[in-house]
Structure formats: structure tokens, C-alpha cells
Amino acid sequence: MDFGRLLTAMVTPFLDNGEVDYAEVKRLAVHLIENGNDSILVCGTTAETPTLTHEEKVNIVKAVKEAVGDRAKIVVGTGTNCTRTTIEATKEMEALGADGILVVEPYYNKPSQEGMYQHFKAVAEATSLPIILYNIPGRCGVNMTPELIARLAQIPNIVAVKEAGGSVEQVSKIRTLVPDDFVIYSGDDSLTLPMMSVGAYGVISVAAHVAGKEIRAMIDAYVAGNVAEAAQWHKKLYPIFKSLFITANPVPVKYALSQVGFGNGKVRLPLVEANDSEKAIVFQTMKDLHLV
């Protein structure tokens with residue numbers, strides 16, 4: 001299963017009363033595939049999944065599938081820190097027609113490398129869907145080592161990793177250990193090009209909500225061998241890559257989206273909307289890129 005080089009971890013738009021805005025979910029999904037994305041990731045970190053009910057997650061997947069049809073693949077985040085719950089969610093999303101799943105390492109429990117191996121193995125054995133591992137130690141408290149990822153890559157339907165540990169060194173090590181067809185995605189927009197230079201395939205992005213065509217141009221330039229052009233795109237995009245993470249994701253990107261006509265910037269507690277200084281920084285970087 002090829003999910004392409006550019007995927008966006010889609011936000012969950014909310015109405016003013018805090019409920020999910022399913023009409024905006026559909027409109028945003030269409031916007032993403034019309035602006036450079038190969039696939040869409042729903043119910044990931046950026047979707048504020050910890051604050052979504054099970055019913056809301058199901059309805060979001062249904063809404064996105066209805067909106068995009070066959071125009072893009074849908075990857076669904078099903079990972080939790082309970083293996084049984086992750087398996088149940090994965091089976092349900094497979095039944096709903098998901099094309100793949102993203103499974104984060106168990107958070108809070110702080111499992112050993114062997115514990116993580118057994119967790120992912122159990123999930124993989126419970127589904128026929130391709131699985132993207134998600135390593136984000138900053139949120140989970142544990143790091144999946146390159147050796148663990150290489151071991152998991154031997155399981156047939158574990159096909160990729162979203163590497164959000166912030167380390168090009170780790171990507172280099174993973175690339176040397178895994179099969180050639182195992183895909184590595186950058187989990188950080190600002191490290192997309194550096195990670196591609198050592199063997200990553202693409203990015204699971206946040207910034208592509210508002211700069212999808214530009215990120216696509218950077219990736220395509222690099223793949224075509226136009227490294228200098230790709231580096232220029234990286235330099236141009238770097239300020240927005242950083243400004244969209246000046247406070248907890250997805251607070252800045254939700255504000256950015258509101259400035260280009262998508263949603264109202266609202267998030268659910270315990271997150272709060274961007275303050276005036278944060279908004280000013282994000283707006284200026286968007287203005288500099290001629291996005292607003």
C-alpha cells in the first residue's frame with residue numbers, strides 16, 4: 001500500500017458550541033486532497049483525539065470517506081495505551097473502510113522495548129490493514145529504538161514508521177536496518193528535507209493544512225534531483241514550520257486555518273485557543289508566504 005509522500009494529520013473542526021463540525025470536516029478533507037496531499041490521516045494527535053468520543057471518531061471517518069471517495073487514501077489513528085482497546089478500534093476502522101492505520105507507541109505506561117514489540121505485534125495480527133508505526137517520545141515518554149523498528153518491520157503488514165523523535169541520526173540508523181521497501185515518514189515538518197536526505201520517503205504533516213502545494217513542491221523538487229530548489233523551499237517554509245508549533249499542536253494550525261476560511265480556531269480543553277502574540281507570529285509567517 002503506497003500512501004504517497006505527503007499526508008496531512010487533519011485537525012478536527014469544532015462548532016462554536018464545541019461539537020464536531022462535520023460539514024467542515026468534509027470541506028477540509030477535500031481542500032487537503034486538492035492541495036497536494038496523497039492521503040489523509042484522521043484521528044491522529046493533531047485531531048485532538050484524546051478529547052474525541054468513540055462515536056465522534058467513527059463519524060469523522062465516515063464523513064471524510066464520504067467527502068473524498070476514491071480520490072485519496074484514509075489512514076486512521078487507532079493507537080492507545082491499551083492493546084485491547086487499540087485492537088478493537090482497529091477492527092472497527094477496518095470495517096468502516098480505512099485504507100491503513102497509524103498506531104502510536106503506548107503512552108503513560110512507559111513499556112519496555114519488548115512490551116512495545118508485543119503490543120504492535122498483537123495489533124498487526126488482528127488486522128489485514130497496513131500499519132504505520134508512530135514514534136513520538138516527547139508525547140509518550142518512551143522511544144522506539146531503530147532496532148525495535150527493524151524487528152517490527154519484519155511483520156508483513158507493518159509497512160512504515162512516522163518518526164517524530166526529532167533525530168536525523170535515528171532516521172539514518174533505521175534506514176540502515178529496515179528493508180528497502182519499508183517507508184519512513186518525517187513526523188516533523190521542519191525535518192522533512194533533512195530526513196529525506198538520509199532515506200525518509202515523505203512527511204505526515206501539520207503545515208500542509210495551509211501550505212500543501214508549497215510542501216509538495218519541495219518534496220517533488222528533491223525527488224527529481226533538484227536539491228538546491230528543494231533547499232530553497234525548505235528555507236522559505238522554515239518560519240511557518242516553526243511558528244505552527246509555538247504552542248501545543250493543533251492550536252496554531254487551527255488559527256492559521258481560520259485565516260484562510262476553514263473553521264473558527266476553536267479547540268477543546270485542556271487546550272485553549274492561541275493568544276494574541278501567538279496569532280501575530282503565525283499570521284506574519286503566513287503573510288510572508290503569501291498564504292493570506
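Predicted model: local features only at pLDDT ≥ 70, side-chain atom pairs only at ≥ 80, totals over all residues.
Residues are numbered from 1 along each chain as its sequence is written, and side-chain values use heavy atoms, with hydrogens and water left out.

**Helix pairs**

- α11 and α12 pack at about 55°, and their axes are 10 Å apart; axes here are lines fitted to C-alpha atoms, for helices over the stretch in contact, and angles run from 0 to 180 degrees between N-to-C directions.
- From α11, Pro-252, Tyr-255, Ala-256 and Gln-259 meet Lys-279, Val-282, Phe-283 and Met-286 of α12, where contact means heavy atoms within 4.5 Å.
- Sort the residues of that α11 with α12 contact by class and you get six nonpolar, one polar and one charged; Ala, Val, Leu, Ile, Met, Phe, Trp, Tyr, Cys and Pro count as nonpolar, Asp, Glu, Lys and Arg as charged, and the others, Gly among them, as polar.
- Helix α1 (residues 22-33) and α2 have axes that come within 9 Å and cross at roughly 45°, which makes α1 oblique to α2.
- α1 and α2 also make a right-handed crossing.
- On the α1 side you'll find Tyr-22, Val-25, Lys-26, Ala-29, Val-30 and Ile-33, and they meet Glu-56, Asn-59, Ile-60, Ala-63, Val-64, Glu-66, Ala-67 and Val-68 in α2.
- The contact of α1 with α2 has ten nonpolar, one polar and three charged residues.
- The helix and strand labels come from DSSP runs (H or I, at least four residues, for helices; E, at least two, for strands), numbered from the N terminus.

**Pockets**

- The largest pocket has a volume of about 710 Å³; on a 1 Å grid over the protein atoms alone, a pocket is an open set of points with protein on both sides within 12 Å along at least five of seven lines, and lining residues have an atom within 4 Å of a point.
- A volume is the space filled by probe spheres set on the grid points, which are joined across faces, edges and corners.
- The largest pocket has 32 lining residues, and Gly-44, Thr-45, Thr-49, Pro-50 and Tyr-107 lie nearest its centre.
- Elements giving two or more residues to that lining are α2 (54-68), β3 (73-77), α3 (83-95), β4 (100-104) and α5 (137-140), and α3 gives the most, with four residues.
- The lining of the largest pocket splits into 16 nonpolar, twelve polar and four charged residues.
- The second largest pocket comes in at about 180 Å³.
- It is lined by 13 residues, with Tyr-134, Ile-136, Gly-187, Asp-188 and Phe-245 closest to its centre.

- A search of the whole structure turns up one cavity of 30 Å³ or more; a cavity is a set of points where a 1.4 Å probe fits but cannot get out.
- The largest cavity has a volume of about 60 Å³, and among its lining residues are Val-11, Phe-14, Leu-28 and Lys-254.
- Its lining has six nonpolar, three polar and two charged residues.

- The peptide bond joining Asn-249 and Pro-250 is cis, with omega about 10°, and Pro-250 sits in the loop between α10 (227-243) and α11.
- Another cis bond runs from Leu-269 to Pro-270, with omega near 20°; Pro-270 is in the loop between α11 and α12.
- Glu-48 is not a glycine, yet has a positive phi of about 60°, and its place is in the loop between β2 (39-42) and α2.

Note on methods: Parallel < 35°, antiparallel > 145°, perpendicular 65-115°, else oblique. Left-handed = near helix turned anticlockwise from the far one by under 90°.
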